Amino acid sequence: MPTKPLSSSSHQGLFSSFFKILSLKVKPFWVELGYFIIFSFLGFLALNVTKPRTLPSFRPHNLDVFFTSVSATTVSSMSTVEMEVFSNAQLVFMTILMFLGGEAFTSFLRLQLMKLKLVKKQSVLQNNDAFDYSNSSNGEGLHNLELGTVGLDNKLEHAVINPMEDSHHEAIAKLKSIRLLTYVVLGYVLVVILLGSSLVSIYITLIPSAKQILNEKGLNLHTFSIFTTVSTFANCGFVPTNENMMVFKQNSGLLLILIPQILLGNTLYAPSLRFVICFLWKFTKRQEFEYILKNSKRVGYSHIFPRFETITIAITVLAFILVQFVAFCSLEWNSEATAGLSTYQKLVGSLFEVVNTRHTGQSVFDISTFTPAIIVLFALMMYLSSYTTFWPVDNHEERLKTKEKINRRKRRSLVKYISFSQPSCLVIFTILICVAEKDKMKNDPLNFNVLNIAFEVISAYGTVGMSMGYSCARQMKPDGHCKDKTYGFAGKWSNTGKFLLIIVMFFGRMKKYNQRGGKAWKVL
């Protein structure tokens with residue numbers, strides 16, 4: 001007898017079962033690392049199958065293609081190939097990789113896994129509770145609970161007011177709140193990308209100088225707009241032009257359109273999301289929003305913070321921008337980098353440059369021409385995490401979590417105790433790359449020096465993408481065949497150096513899992 005094809009409900013059941021097993025049996029670190037590795041390889045295959053624009057004269061090496069795929073997936077924007085090499089189809093694939101690898105979207109996926117865990121926890125609590133779910137044997141009651149169709153509003157209100165009083169009420173409130181939060185996050189991402197790409201398209205259509213640049217480079221308007229917006233919001237930093245945003249440094253309007261997208265997708269994502277939730281709560285009066293705002297730590301979403309902590313994050317972001325802006329304008333106002341620009345263009349360009357140091361990496365100036373003080377300042381900004389704050393945060397939610405943190409420390413494995421701190425790992429990778437490039441450091445010391453290599457490593461770790469580049473004019477032994485390229489400094493490294501930087505990009509994308517590394521190491 002012929003076998004019956006699987007129905008759509010069967011496919012959905014298999015898909016749901018897979019994610020349930022994934023969420024319950026595998027640690028988040030391995031889930032996320034596997035996610036980035038799988039999509040890096042899929043991106044490599046997609047970029048390899050499609051043909052670049054430069055055929056038959058030039059085709060990127062496989063390692064450079066894989067490097068680009070990893071860079072897009074981890075939103076690092078490190079480059080070893082000029083961007084105008086890639087065809088329109090390849091740019092579309094890179095756009096997909098950047099969207100899937102962006103922190104806002106990956107956090108949306110983490111919310112989905114959290115919801116599955118809560119559904120499992122709720123099913124356990126149901127067995128010990130007095131509630132009567134007549135269809136619990138076939139899972140219908142649990143299905144209705146997940147869809148929010150069971151009448152539990154009174155219990156949700158009770159959990160909002162007394163979140164620690166009843167574990168069953170707490171689980172219900174948390175499940176319903178996370179379910180609603182997933183829609184808010186997805187809506188936030190889609191609205192910013194759609195609105196941002198529309199504004200970029202309108203600007204380029206209306207401004208002849210910007211439109212001319214795209215025509216001269218043979219770039220599709222819609223591909224450029226969506227690619228640039230997704231890259232900016234995901235804080236990747238790729239731009240379809242060889243010169244990144246330097247070719248648009250006189251188009252101040254375009255830079256002003258991109259600046260809010262940079263902030264909304266990274267450093268100000270948490271404050272902006274809390275503002276959106278607060279607005280929705282005031283507008284809809286839904287108790288799930290109130291629960292999220294009053295119990296941000298219990299919700300477990302890494303981008304929702306208590307009110308005071310959210311304010312300090314926003315103030316710190318603006319303070320860092322102000323400090324960098326003042327320093328940059330003071331030291332680079334009349335430098336080679338800003339030559340030929342009007343006062344207004346210098347102000348907007350300087351603001352755009354300093355906003356990008358955390359963590360987008362788009363640039364309107366040649367970084368290699370900056371003064372050493374600015375380079376060191378930028379390196380520090382690239383190292384800092386998105387939600388760095390210098391205010392002491394001590395609130396009620398933190399105190400409630402103290403006991404839980406102590407218990408978690410007791411269960412911490414030996415590996416976590418002996419792991420290296422993040423600065424130590426950066427030093428180790430810098431040393432390894434210096435060893436791999438020792439011959440070039442000896443023969444070409446002005447390009448291959450420790451500062452340039454360390455800057456590249458920190459940029460990859462911070463998933464920023466800024467680079468000092470490579471200049472044939474700085475060669476101690478001039479090579480007549482040398483041609484200046486607009487890709488990053490890593491493009492001139494050996495295959496070993498590039499492979500090490502790929503590891504750094506993965507490490508940087510996963511650095512939140514090693515924030516407490518090196519605790520066992522004491523300097524006495």
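Reply: A cavity is a set of grid points where a 1.4 Å probe fits but cannot get out, and its lining residues have an atom within 4 Å of a point. Please keep in mind that this is a predicted model.

Me: How many cavities of 30 Å³ or more does a search of the whole structure find?

Reply: The search finds three cavities of 30 Å³ or more.

Me: Which residues line the largest cavity?

Reply: The lining consists of Met98, Phe99, Gly102, Glu103, Ala104, Phe105, Val189, Ile193, Val230, Phe233 and Ala234. By class, nine are nonpolar, one is polar and one is charged.

Me: Which helix supplies the largest share of that lining?

Reply: Helix α5 does, with three residues. At least two lining residues come from each of α4 (88–101), α5 (103–127), α8 (167–206) and α10.

Me: And the second largest pocket, how much space lies in it?

Reply: The second largest pocket holds about 580 Å³. Its lining has 35 residues, and Met246, Ser467, Thr486, Tyr487 and Gly488 are the ones nearest its centre. That lining divides into 12 nonpolar, 16 polar and seven charged residues.

Me: Let us step back to the whole chain. How many helices and strands are there?

Reply: There are 24 helices and zero strands. The chain has 524 residues, and 52% of them are buried. Among contacts with a separation of 6 or more, 76% are between residues 24 or more positions apart.

Me: Which residues have the most contacts inside the largest nonpolar core?

Reply: They are Met245, Leu273, Ile277, Tyr301, Phe370, Phe455 and Leu501, in a core of 126 residues. Helix α8 gives the most to this core, with 14 residues.

Me: Take Ile277. What is it in contact with beyond its neighbours within four places in sequence?

Reply: Ile277 is in contact with Leu181, Val184, Phe289, Ile292, Leu293 and Ile304.

Me: Back to α10 for a moment. Is Thr228 buried or exposed?

Reply: Thr228 is in helix α10 (residues 221–233). Its relative accessible area is 1%, so it counts as buried, the cut-off for that class being under 20%. The side chain of Thr228 reaches the backbone oxygen of Phe224 at 2.7 Å.

Me: Now the loops. Where is Asn447 found?

Reply: Asn447 sits in the loop between α22 (438–443) and α23 (450–461). It is buried, because its relative accessibility is 0%. Its side chain makes a polar contact of 3.2 Å with the side chain of Asp444. Setting aside residues up to four places away in sequence, Asn447 touches Asn452, Tyr470, Ser471, Arg474, Gln475 and Phe489.

Me: What about Thr388, which loop is its place?

Reply: Thr388 lies in the loop between α17 (372–383) and α18 (396–400). With a relative accessible area of 12%, it is also classed as buried. A polar atom of its side chain lies 2.9 Å from the backbone oxygen of Ser385. Thr388 touches Thr316, Phe320 and Arg358, not counting residues up to four places away in sequence.

Me: Arg358 raises the backbone. What is the peptide bond from Arg358 to His359, cis or trans?

Reply: That bond is cis, with omega near 0 degrees. His359 is in the loop between α16 (343–355) and α17. A cis peptide bond also joins Leu55 and Pro56, with omega about 0 degrees, and Pro56 belongs to the loop between α2 (28–49) and α3 (62–73).

Me: Where do Val75 and Asn235 lie?

Reply: Val75 is in the loop between α3 and α4, and it is buried at a relative accessible area of 4%. Asn235 is in the loop between α10 and α11 (252–264), and it is buried at 2%.

Notes: Residues are numbered from 1 along each chain as its sequence is written. This is a predicted model: local features need pLDDT of at least 70, side-chain atom pairs count only at pLDDT 80 or more; totals for chains, interfaces and linings use all residues. Side-chain values use heavy atoms; hydrogens and water are left out. Helices (H or I, at least four residues) and strands (E, at least two) are DSSP runs, numbered from the N terminus. Buried means under 20% relative accessible area, exposed over 50%, partly exposed in between (1.4 Å probe, protein chains only). A polar contact is a pair of N or O atoms within 3.5 Å; within protein, one must be able to donate a hydrogen and the other to accept it, and residues adjacent in sequence count only if both atoms are side-chain atoms. On a 1 Å grid over the protein atoms alone, a cavity is a set of points where a 1.4 Å probe fits but cannot get out, and a pocket is an open set with protein on both sides within 12 Å along at least five of seven lines; lining residues have an atom within 4 Å of a point. Grid points are joined across faces, edges and corners, and a volume is the space filled by probe spheres set on the points. Ala, Val, Leu, Ile, Met, Phe, Trp, Tyr, Cys and Pro count as nonpolar, Asp, Glu, Lys and Arg as charged, and the others, Gly among them, as polar. A nonpolar core is a set of buried Ala, Val, Leu, Ile, Met, Phe, Trp, Tyr and Cys residues joined through side-chain atoms within 4.5 Å. Contact means heavy atoms within 4.5 Å.
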